[in-house]
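Hello,

Here is the structure I promised to pass on to you. Have a look at it first, and then read my notes below.

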Amino acid sequence: MPSEGMIEGRVLSPTHVPRALVIRIEAAAESPEQSEEYLDELLFLVRSAGYEVAEAISYSWRRPDAATFLTRGRVEEIRTLLKEKGSSIDFVLIDAEVSPVQVRNLEKIWEKPVTDREGLILEIFARNARTAQAKAQVELAKLEYELPRLAHQWTHLSRERGGIGLRGGGGEQQLEIDRRKMRQRIARLREQLREFGKQAAIRREGRDPLPRVALVGYTNVGKSTLMRLITKAPVLVENRLFATLDTTTRRVVLNGVPFLLSDTVGFIRKLPPKLLQAFHTTLAEVREADLLLLVVDASSPGYVEQIRTVERTLERIGAGDIPILLVMNKMDRLSPEERELVEESWRAQSPYPVVIISATQKENIEELYENITKLLRALPRFRDRSGWGRPEFSMGS
Ligand SMILES: Nc1nc2c(ncn2[C@@H]2O[C@H](COP(=O)(O)OP(=O)(O)OP(=O)(O)O)[C@@H](O)[C@H]2O)c(=O)[nH]1
Ligand SMILES: [Mg+2]
């Protein structure tokens, strides 16, 4: 539930769910199916952040206006709409990267708080962070985002301001004080995260020299469901985006092969780079894995693109060279024909070994386990007779 926030000088009650006017920009190359799917995902993002969608508008791509991002005509159209709708819309979300200056100009014209895709994703992360480390990572990303936007209305609507006692909304002098406080807090958080990183590295050094397997994939595909199924760990499973923001690691033995399995944060299209940077420590489990289980929601119409997004994100975090087992999940939601199609096409063209399962219906789980252990047995460190430790690094030929 959102806590109280200021909108246009009016205090929202703690139970009021802010309602969004959602604006999506369709790329020229998008097919109608893609447009529909991206819009669905966007609306799901808004709800995952704890907001309601009052209205959604899609515009075709135009070169952004330097001052207002949207063209003059569109800005005017939205202004009229907002006037008509009055208090039934609390803020405007533009699903794009909108500069702080553009946001400020739009807020002046529309007289409503405005945010962009990054601001929205940050809200979801802030909402879902549970551990001290995840909280610090989100707070850092959020402060960096808000620093150039401090005078904005959105910043006042946005929740969990990091508890640094910002007054906000005051004059220039107050803004300067707030900015200084934010910079100090950012420096402290960076320091704290470095410390978390060091401690985590020490823990990883000290634990069983077992092979490491990490669940990766688009958000909401069933990674945590699989984690639960395989390890019985009580991780959070929920039908919303970015339910998991922390890393859980458990020791498991499958078919006599012991290994460490980790579940962690999911990915999405256009994940803000600042967030990926802030989650550097959390993503260490992925970077240092010996095998990745790339979990896919095979029932999602856009799953091929989601796989590409995950592959690109893995490259960005330095995990692009780790062997992958493609786990096509949610097969219970497919008709027999669709299943066959997925199976045929992926077995034929996937650069990775593939297994098609349902985590909730526990279908083909034995096959999944066999695939995991087969791949683990094929790891150089497994074949290395000296045991599970990392093989010695040898120079030369
Ligand atoms: N029908 C069906 N639903 C599934 C299956 N696996 C998971 N789900 C559902 O998908 C939703 C998301 O599952 P999670 O396990 O939380 O997904 P996740 O990948 O960990 O998601 P994030 O942590 O948010 O990135 C939940 O509602 C699950 O019950 C499956 O095999 N079939
Ligand atoms: Mg999860």
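This is a predicted model: local features need pLDDT of at least 70, side-chain atom pairs count only at pLDDT 80 or more; totals for chains, interfaces and linings use all residues.

Residues are numbered from 1 along each chain as its sequence is written, chains are lettered from A and ligands numbered from 1 in the order in which they are written, and side-chain values use heavy atoms, with hydrogens and water left out.

Let's start with the metal. The magnesium ion (ligand 2) is coordinated by S224 (OG) and T244 (OG1), at 2.0 to 2.1 Å (donors are N, O and S atoms within 2.8 Å of the metal, or 3.2 Å for Na, K and Ca; water is not among the atoms, so sites may look incomplete). S224 belongs to helix 8 (residues 223-231), and T244 lies 20 residues away in the loop between helix 8 and strand 8 (248-254). Helices (H or I, at least four residues) and strands (E, at least two) are DSSP runs, numbered from the N terminus. Both S224 and T244 are buried (under 20% relative accessible area, with a 1.4 Å probe and protein chains only).

Next, take V296 in strand 10 (residues 291-297). V296 is buried, because its relative accessible area is 2%. Leaving aside neighbours within four places in sequence, V296 is in contact (heavy atoms within 4.5 Å) with residues including V221, Y303 and M328. The C-alpha atoms of V296 and T219 are 9.3 Å apart, although 77 residues separate the two along the chain.

Enjoy exploring!

Notes
Buried means under 20% relative accessible area, exposed over 50%, partly exposed in between (1.4 Å probe, protein chains only).
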